[in-house]
Amino acid sequence: MADYRSIMGLLLQGRSYRQIVDAVGCSHRDVSAARKTLDDRGLNAAALAEMSDAELSGLFPDGRSKVSAGYDLPDF
């Protein structure tokens, strides 16, 4: 998972996407998601500093579905 706290901090400093990707080692998609969250929520540096790690991770849910443990066995 990307370090969204670092990404958002660099975005708030005015860094470019390319600079952030090189510094943090994340994808452009991660930077874009962080930018969208900053804009949608109106977050600033003070609000970001006050957020706990749990609150921050709640802003970026993992969209992958979980595979259930139960499945049908094949009938040979």
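**How the helices pack, and the pocket beside them**

In this predicted model, helix α1 passes helix α2 in a right-handed crossing. The axes of α1 and α2, the latter spanning residues 17-24, come within 10 Å and cross at roughly 145°. On the α1 side this contact is made by S6, I7, L10 and L11, and on the α2 side by Y17, I20, A23 and V24. Sorted by class, the residues that join α1 to α2 comprise 7 that are nonpolar and 1 that is polar, with no charged residue taking part.

From α2 the reader can turn to its packing against α3. Here the axes of α2 and α3 lie 9 Å apart, and the helices pack at an angle of about 115°. The crossing in which α2 passes α3 is again described as right-handed. The residues that α2 brings to this contact are Y17, R18, I20 and V21, and those that α3 brings are H28, V31, S32 and R35. By class, the contact of α2 with α3 holds 4 nonpolar, 2 polar and 2 charged residues.

The remaining pairing to follow is that of α1 with α3. Helix α1 covers residues 4-12 and helix α3 covers residues 28-41, and the two pack at an angle of about 65° with their axes 9 Å apart. The crossing of α1 and α3 is right-handed. In this contact, Y4, I7, M8, L11 and L12 of α1 meet D30, V31, A34, R35, T37 and L38 of α3. Of the residues that make up the contact of α1 with α3, 8 are nonpolar, 1 is polar and 2 are charged.

What, then, lines the largest pocket of the model, and which residues lie nearest its centre? The lining consists of 10 residues, and those nearest the centre of the pocket are M1, Y4, F60, P61 and D62. One of these, Y4, is also among the α1 residues that meet α3. The element that gives the most to the lining is α3, which supplies 3 residues. Taken by class, the lining of the largest pocket divides into 6 nonpolar and 4 charged residues, with no polar residue present. The space that lies in this largest pocket comes to about 240 Å³.

Definitions and conventions. Residues are numbered from 1 along each chain as its sequence is written. This is a predicted model: local features need pLDDT of at least 70, side-chain atom pairs count only at pLDDT 80 or more; totals for chains, interfaces and linings use all residues. Side-chain values use heavy atoms; hydrogens and water are left out. Axes are lines fitted to C-alpha atoms, for helices over the stretch in contact, and angles run from 0 to 180 degrees between N-to-C directions. Helices (H or I, at least four residues) and strands (E, at least two) are DSSP runs, numbered from the N terminus. A crossing is left-handed if the near helix is turned anticlockwise from the far one by less than a right angle, and right-handed if clockwise. Contact means heavy atoms within 4.5 Å. Ala, Val, Leu, Ile, Met, Phe, Trp, Tyr, Cys and Pro count as nonpolar, Asp, Glu, Lys and Arg as charged, and the others, Gly among them, as polar. On a 1 Å grid over the protein atoms alone, a cavity is a set of points where a 1.4 Å probe fits but cannot get out, and a pocket is an open set with protein on both sides within 12 Å along at least five of seven lines; lining residues have an atom within 4 Å of a point. Grid points are joined across faces, edges and corners, and a volume is the space filled by probe spheres set on the points.
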